[in-house]
Amino acid sequence: MLYYLYRVKNCLTPLISWFNPRNPQGILVMVTLIAFLLKRYTNVKLRAELAYRRKFWRNMMRSALTYEEWAHAAKMLDKETPKMNESNLYDEELVRNKLGELQDRRQEGSLREIIFCMRADLIRNLGKMCNPELHKGRLQVPKLIKEYIDEVSTQLKMVCDSDSEELLLEEKLAFMHETRHVFGRTALLLSGGASLGCFHVGVVKTLVQHKLLPRVIAGSSVGSIMCSVVATRSWPELQSF
C-alpha cells in the first residue's frame with residue numbers, strides 16, 4: 001500500500017510543481033484551462049436558456065385563445081430561434097431571378113410585356129416557396145418571398161387600374177381569368193372530429209376578423225356542418241358570428 005502511495009506521489013509531484021506560481025508556463029496553462037471551462041459553461045447555459053424560452057413560446061402558441069396572442073408568441077419565437085438556412089428549403093436563386101425579371105418589366109412600363117411575363121411565369125409554388133417548413137409556426141414569410149409576392153401584387157394592380165388604350169377591357173378580363181385559373185385559389189378544408197369540431201368556430205371567426213376567409217370551403221363530418229353554416233351566411237352575419 002505504501003508502495004502505491006509512493007508511486008502516486010512521485011507521479012503527482014512534477015505535475016504539482018509545474019503549477020508553481022513561479023512557473024509562468026504553468027500559470028498560463030491554468031488560466032487558459034479556467035477560461036475554457038468558464039466559456040464552455042456559459043455556452044451551455046445560454047443554449048439551455050434559449051431552448052427553454054423557445055419551448056415556452058411554443059407552448060404559448062399552442063394555448064393561445066386569440067390570434068393576437070398567437071401572433072405575439074410567434075413573433076417572440078422568431079426572435080429566439082436561430083436563423084435557418086432557407087436556401088435549402090426553396091430555390092432562392094430562381095425566385096430572385098424571377099423577381100428581377102418582373103421588376104425590369106415594370107420599369108419598362110409596357111403593360112403587354114408585364115402580361116406576357118406573368119402569363120409565362122406566375123406559379124403559386126414557384127421554386128417550392130410554399131414549402132410548409134418555411135412557414136410553420138412563423139409570423140412572416142422569408143424576405144425574398146415577400147418581395148416577390150409584393151411585386152406580383154403591384155403589377156396585377158397596375159394592369160387592373162390602368163386606363164391606357166394599349167390594353168382593352170376584354171383583354172384585362174381574359175388575363176385575370178387565365179391568371180386565376182393557373183395560379184389557383186386558396187381553399188379552407190375543415191376536417192371531422194366529433195366534439196373537436198367546435199375548434200372550427202374559432203378558426204372561421206379569426207379568418208373573418210382578418211378578412212382572410214377563402215371563397216372555397218369544404219369539409220367532412222362535423223366540418224361539413226360548419227361549412228354549411230358558413231356558406232349560408234352573408235358577410236355581415238359572419239362578422240357578428
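How many salt bridges does the count come to by the rule used here? The count comes to 6 salt bridges, where a salt bridge is a side-chain nitrogen of Lys or Arg within 4 Å of a carboxyl oxygen of Asp or Glu.

## About the model

This is a predicted model, in which local features need pLDDT of at least 70, side-chain atom pairs count only at pLDDT 80 or more, and totals for chains, interfaces and linings use all residues. Residues are numbered from 1 along each chain as its sequence is written, and side-chain values use heavy atoms, with hydrogens and water left out.

## Salt bridges within helices

Let's start with helix α4, which covers residues 92–108; helices here are DSSP runs (H or I, at least four residues), numbered from the N terminus. K98 pairs with E101 in a salt bridge whose closest N and O atoms are 3.9 Å apart. The two residues sit 3 apart in α4, so about one helical turn separates K98 and E101. K98 is buried, at 18% relative accessible area, while E101 is partly exposed at 31%. For these labels, buried means under 20% relative accessible area, exposed over 50%, and partly exposed in between (1.4 Å probe, protein chains only).

Helix α7 (residues 143–161) holds both D150 and K146, 4 residues apart, about one turn of the helix. Their side chains meet in a salt bridge at 3.1 Å, N to O. D150 counts as partly exposed because its relative accessibility is 35%, and K146 is partly exposed too, at 44%. As a reminder, an α-helix has 3.6 residues a turn, so residues three or four places apart point the same way.

## The R105–E113 pair

Another salt bridge links R105 to E113, with the closest N and O atoms 3.7 Å apart. R105 is partly exposed, with a relative accessible area of 23%, and E113 is partly exposed at 34%.

## Helix α3

Helix α3 runs over residues 67–80, which makes 14 residues. From its first C-alpha to its last, α3 reaches 20 Å, close to the 20 Å expected at 1.5 Å a residue; the expected span is 1.5 Å times one less than the number of residues. Buried residues in α3 are A71, A73, A74, L77 and E80.

## A nonpolar surface patch

Which residues form a nonpolar patch on the surface? They are M30, I34 and L38, with about 270 Å² of accessible area together. Patches are made of residues with over 30% relative accessible area and no salt bridge; like charges are joined within 9 Å, and nonpolar side chains (Val, Leu, Ile, Met, Phe, Trp, Tyr) within 5 Å. Accessible areas come from the Shrake-Rupley method with a 1.4 Å probe, and for residues only the protein chains shown count as cover.

M30 has its place in helix α2 (residues 24–63), and counts as partly exposed at 35% relative accessibility.
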